[in-house]
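Biologist: Please take a close look at one part of this structure and describe how its residues are placed and what surrounds them.

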Amino acid sequence: GRWCGEDPGRASQELSKFCDDYRAKKLEPSHETLFLNSNYTWQPGHVQEVVWGTYQRDVNHSTQDILLELYSPQRDNHHTQTAVMQVVAHSLRSLDLVKVARMDASQNWVPPGLTTRARDSITADYFVITGNITRRVVKFRGISRVLEHMPERLLRFLHEQSTLEWELDPHLPDMKLVTEQLEEMKGHEEDAKK
């Protein structure tokens, strides 16, 4: 223990207290969290990185509607799927009302309201969390195996579930350009597997 060199009696007392608290179920919950670099700041037009340690501040206390991705970095085409979220965030860069965020579910505790398959699998789940007084969490059910379709589907989902007023059409990306970029990225990832 941390007091063994200084006071073995105190170390024994602390360990005994910890065991008593554990048996009495008095211990505060401890949740797994990654840490962000202390210089990290989110900018509109980029995907906000969220860890459990920042979840309360960045998601629960946000006044913005949030498109949140819970993912596992072991998923297929991870870099291409990461680029999908970057396309969505970039498309919304001029809006202060909404933001796009992601959290590695394999390395962070996930709140019970966000049921996900991403913790121990090779997938991702998406949610809209509304930022108004009546907090709402809605899970995206329109996953497409065609990654090129995902930016538009996620934008439409966010717009449909949003409690805030904003126009969708000006924020839809140039799908031809997105398709070309994502297909190229997916090809590089497939080549890297060989």
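Modeller: In this predicted model, a salt bridge joins the side chains of Arg 23 and Asp 20, at 2.7 Å from N to O; the term requires a side-chain nitrogen of Lys or Arg within 4 Å of a carboxyl oxygen of Asp or Glu. Both residues belong to helix H1, three residues apart, about one turn of the helix. Arg 23 counts as exposed because its relative accessibility is 60%, and Asp 20, at 40%, is partly exposed (buried is under 20% relative accessible area, exposed over 50%, partly exposed in between, with a 1.4 Å probe and protein chains only). Helix H1 spans residues 8-23 and also holds Tyr 22, which is exposed at 58% relative accessibility.

The structure holds six salt bridges. One of them links Asp 58 with Arg 57, whose closest N and O atoms are 2.8 Å apart. Asp 58 is buried, with a relative accessible area of 7%, whereas Arg 57 is exposed at 56%. Another salt bridge brings together the side chains of Glu 69 and Arg 75, at 2.7 Å from N to O, and here both partners are buried.

S2 covers residues 65-71, and seven of its seven residues are buried. Asp 65, Leu 67, Glu 69 and Tyr 71 point one way from the strand, while Ile 66, Leu 68 and Leu 70 point the other way. Helices (H or I, at least four residues) and strands (E, at least two) are DSSP runs, numbered from the N terminus.

S2 is part of an open sheet of five strands with mixed pairing, in the order S1-S3-S2-S4-S5. At the edges are S1 (48-49) and S5 (137-139), each of which pairs on one side only. Two strands are said to pair if DSSP finds at least two bridges between them. S2 runs parallel to S3 (residues 98-104), with seven bridges between them, and antiparallel to S4 (residues 124-129), with six bridges. On the S3 side, Leu 68 has Ala 101 as its bridge partner; on the S4 side, Tyr 126 stands opposite Glu 69.

Leu 68, in strand S2, is buried because its relative accessible area is 0%. Leaving out residues up to four places away in sequence, Leu 68 touches Tyr 55, Ala 101, Arg 102, Met 103, Leu 114, Asp 125, Tyr 126, Phe 127 and Ile 129, contact being defined as heavy atoms within 4.5 Å.

Ser 162 lies between helix H4 (150-161) and helix H5 (175-193). Apart from neighbours within four places in sequence, Ser 162 is in contact with Asp 65 and Val 98. Ser 162 is buried because its relative accessible area is 13%.

As to the basis of these values, residues are numbered from 1 along each chain as its sequence is written, and side-chain values use heavy atoms, without hydrogens and water. Local features need pLDDT of at least 70 and side-chain atom pairs count only at pLDDT 80 or more, whereas totals for chains, interfaces and linings use all residues.
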